[in-house]
Amino acid sequence: MNERIKASVILDRRRVLAGGGALIVSFSLTDALAQDQTAPAAAPAQNPPGSLKGAPFLDSWIRIDADGSITAFTGKAELGQGFKTAFQQIAAEELDVPFESLKVVTADTRLTANEGYTSGSHSMQDSGTAIQNAAAQVRELLVAEAARRLDLPAENFRTENGAVISSDGRRFAYGDLVAAGMLHVQAQPKSKLKDPATFKVMGLPIPRVDIPAKVTGGVAYVQDMRLPGMVHARIVRPPSYGAQLTDCDTSAIEKLPGVVKVIRDGNFLAIVAAKEFLAVKAMKALSAAATWKETAGLPKQDDLLHVLTSLPSQDSTIFQQNNPSAVGQKTIEATYVRPYQAHGSIGPSCAVAQWVDGAMTVWTHTQGVYPDRQGIAEMLRVPPASVRCIHVEGSGCYGHNGADDAAADAALIARALPGTPVRVQWMREQEHSWEPFGPAMVTKLKASLDDNGAIADWNFEVWSNTHSMRPGGAGSMLAAQHMSQPFAVPAPKPLPLPEGGGDRNAIPIYTFPNAHVVHHFIPAMPLRISAMRALGAYHNVFSIESFMDELAGAAGADPVEFRLRHLDDPRGREVIEKAAQGFGWLKGQQAPQDRGFGFAFARYKNLAAYCAIATEVEVNRETGRPRLVRAVAAVDSGQVVNPDGLINQIEGAIVQSMSWTLYESVTFDDTRITSIDWQTYPILRFNSVPESIEVHIINRPGKPFLGSGETGQGPAAASIANAIADATGKRLRDLPLTRKRIKEAIDA
Amino acid sequence: MMTLKVNGIDHQIDADPDTPLLYVLRDDIKLNAAKFGCGLGQCGSCTVIVDGRAVLSCVTPLLLLEGKQVTTLEGLGTLEAPAPIQRAFMEEQAAQCGYCIAGMMMRAQALLQRNPKPTDEQIRSELEPHLCRCGTHMRILRAVHRASRLMDTADASSASQRSAP
């Protein structure tokens with residue numbers, strides 16, 4: 001943003017501020033430009049922490065009204081991870097107010113800062129850090145104001161329960177201290193954060209604020225929205241990628257009961273009806289009336305190893321370390337393959353949109369309200385300021401599912417019905433066949449052990465697509481791709497390190513004298529793919545941690561001891577030791593008959609939370625069926641805000657990753673996706689839920705928050721694979737580790 | 001026009017007889033708890049109780065419900081006065097996104113009405129038709145056990161109130 005615009009925004013805000021009793025104004029009163037605070041006009045010499053870098057004004061994060069009511073703002077979206085509660089804890093702690101006395105407003109392009117996507121386990125570290133520091137600085141400003149009023153040094157004041165109190169007992173409620181514009185100041189690089197030893201709210205397992213409505217039938221999801229006059233839409237998607245609509249007689253469908261409108265724009269086909277089931281019926285009739293020309297273009301599902309390694313790739317060495325004095329004596333190699341896998345949200349994607357006087361409002365469960373706004377604006381050919389995207393919770397997404405596409409669908413349909421709110425929900429088969437899948441991957445590993453059983457050299461190669469085709473531009477959204485004047489799918493880009501995409505966690509955290517890591521980035525995307533929980537880290541950690549066990553076996557070493565032998569990072573070592581201890585891991589242990597023990601460890605992205613997982617798996621030798629019996633995890637995610645929320649995330653990661661690892665692969669023929677429901681894409685059911693999962697937290701008071709929503713995915717997969725190898729004596733390297741593959745390995 | 005009894009209240013429903021109960025609950029009666037997940041009876045998120053039995057409302061047409069009692073999660077309790085099963089899920093924090101949870105709770109409720117002290121194995125077997133994608137299964141199991149205990153206490157306390165002089 002240029003200086004001139006920034007200045008005018010500030011002036012505009014000051015003018016508004018001067019007229020109100022509130023300490024600050026919310027964004028709703030200002031121009032949408034105010035949210036895009038990417039380049040502050042007078043940036044402090046040193047960057048403030050977390051997302052304060054991009055949105056440095058304190059009032060982007062904390063609002064205190066004259067009546068004392070307090071609101072914290074986040075640009076991140078609650079996806080069921082529970083961070084809305086954690087943010088409320090953070091703000092309450094640093095402001096010194098009771099937890100219940102404030103509310104949190106989440107991602108909304110008119111109200112909150114632009115924090116991009118809610119992804120990559122960044123919410124706590126970006127937004128949580130911003131709220132923590134903003135709240136601490138707001139508290140300091142309130143103290144300074146009280147000090148000014150009494151003409152006493154700030155040291156003579158303390159804060160408690162929403163008030164500043166002087167040493168002689170005089171008390172100012174925050175609401176009474178608020179003054180126009182007081183918080184419309186840029187954050188300082190450093191804050192006076194509370195001593196963790198004095199925490200009253202942070203660190204406690206406070207119950208989630210969203211759960212009561214969810215378990216009593218309250219309005220909790222975008223699916224539950226009912227605006228006055230709202231109509232229901234359904235899409236008729238093409239039967240396969242690239243299919244062209246050649247014929248569709250809509251005249252009979254337009255006469256069906258309750259049908260409001262049939263919309264055809266190129267290959268985009270939708271119907272709108274007054275009631276939801278009438279929309280479903282009309283959708284089926286419309287689907288039957290449509291004729292499509294399809295093209296066979298999908299690769300061989302059973303040969304992903306060769307498909308991926310044969311596609312043109314851009315190759316780069318992402319890590320290189322040489323120490324000629326270390327020489328390997330015994331070399332082993334292994335190749336690991338991951339199929340395409342689905343996010344598989346339980347609730348198909350949904351959105352509500354309304355077009356009023358040239359302005360579009362979209363209620364969406366997207367992970368990125370600002371990128372969606374940009375994409376939808378481009379698709380509708382209107383300025384971004386004419387589009388408002390408001391996040392409303394949906395079914396859990398675990399990455400880029402159909403949410404953004406549904407938002408675009410709703411917007412495109414709503415524009416054809418000015419004034420009328422339109423609710424779109426996808427059908428099950430649409431979610432399963434059109435969501436962007438987690439990309440298939442191949443890894444090839446080769447390493448040598450020296451005479452002492454230590455790894456002397458390590459070679460790792462990974463073949464992968466990008467792991468993000470998220471919007472920003474319209475071309476990432478199906479509706480825009482299918483319009484008669486379509487937007488092209490943008491060229492894929494590898495996600496940059498240190499976080500990476502296909503190469504996320506490809507660089508080993510262990511210390512090896514010689515190491516060589518190559519990323520083969522594959523631009524061509526035979527299947528529609530994008531970000532899925534942990535991105536490439538799921539497969540890379542599965543590969544590295546499986547291979548570490550293979551090497552430990554070759555070295556005759558205990559897997560836990562072998563990892564510790566190669567790991568310098570003290571926090572990593574502590575996490576490994578904690579998980580091993582909690583599990584009762586013993587060197588030279590022997591699992592019971594037909595059972596195996598497995599262990600794995602990673603630090604997500606090599607910069608976020610540490611996680612180690614030990615598992616016990618039972619394998620039925622007759623059927624090959626694996627069963628996770630128990631799992632014990634240890635996690636270090638820095639300063640813990642809500643321990644129960646963290647445990648919930650790790651438990652969920654283990655169970656979900658187990659499902660990916662044992663059961664899941666997207667299926668397709670040469671033209672169509674054939675895994676289109678829960679029969680054809682089976683996932684974990686209750687008969688395979690483990691007997692117990694234990695999560696041990698290593699809290700790090702005062703240390704930065706480390707994202708932990710995705711840290712368990714890779715270690716859980718490898719730990720289970722290692723336990724299966726321990727139980728059967730056979731190493732499986734192709735995901736998923738199905739009962740058929742296990743049975744074949746046992747019988748081989 | 002047909003009369004449908006939901007949570008003890010008669011509703012006059014103007015919908016085709018082949019309309020699945022789920023759409024009537026959500027669209028005509030404006031209830032939120034029963035969720036559309038698959039429309040195929042594969043995931044359980046639409047589960048409600050009909051005459052004491054757990055039923056997949058997405059594949060149950062309206063015409064089969066004449067004269068029956070439909071109970072949804074809303075009929076069990078409220079935010080202010082939650083039923084034992086609702087309290088149990090809150091106390092165990094047995095949700096992540098929570099989209100599947102209402103359906104899970106209804107099948108668990110039907111089980112507990114039939115069998116107040118189910119074993120862990122019986123609970124797992126009963127919940128087999130239900131999918132949870134967030135991996136909240138361990139908490140869901142704990143919540144059903146807790147609900148069983150809470151119902152016991154609730155029964156005992158209401159019985160003692162009744163017998164008090």
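Trainee: Which hand does the crossing have where H9(A) passes H10(A)?

Mentor: Right-handed. This is a predicted model. A crossing gets that name if the near helix is turned clockwise from the far one by less than a right angle. The axes of H9(A), residues 369-380, and H10(A), residues 403-415, cross at roughly 35°. They come within 10 Å.

Trainee: Which residues of H9(A) meet H10(A)?

Mentor: Asp372(A), Gly375(A), Ile376(A), Met379(A) and Leu380(A). Their partners in H10(A) include Ala407(A), Ala411(A) and Arg415(A). By class, this contact has seven nonpolar, one polar and three charged residues. Gly counts as polar.

Trainee: Why is helix H1 of chain B called largely enclosed?

Mentor: A residue is buried if 20 or more other C-beta atoms lie within 10 Å of its own. Seven of the eight residues in H1(B), residues 21-28, are buried, so the rest of the structure largely encloses this helix. Among the buried ones are Leu21(B), Tyr23(B), Arg26(B) and Asp28(B).

Trainee: What do the buried residues of H1(B) pack against?

Mentor: Helix H7 (276-289) of chain A, together with strands E1, E2, E3 and E5 of chain B. After H1(B) comes Lys30(B), with a positive phi near 60°.

Trainee: How many helices and strands does chain A have?

Mentor: Chain A has 18 helices and 24 strands.

Trainee: Why is chain A called as compact as a globular protein of that length?

Mentor: Its radius of gyration is 27 Å, and the globule rule gives 27 Å for 748 residues. Buried residues make up 55% of chain A.

Definitions and conventions: Residues numbered from 1 in each chain as written. Chains lettered and ligands numbered in written order. Predicted model: local features only at pLDDT ≥ 70, side-chain atom pairs only at ≥ 80, totals over all residues. Buried ≥ 20, exposed ≤ 12 C-beta atoms within 10 Å, placed from the backbone. Helix = DSSP H or I, 4+ residues; strand = E, 2+ residues; numbered from the N terminus. Contact = placed C-beta atoms within 7 Å. Axes fitted to C-alpha atoms, helices over the stretch in contact; angles between N-to-C directions. Rg over C-alpha atoms; globule rule 2.2 N^0.38 Å.
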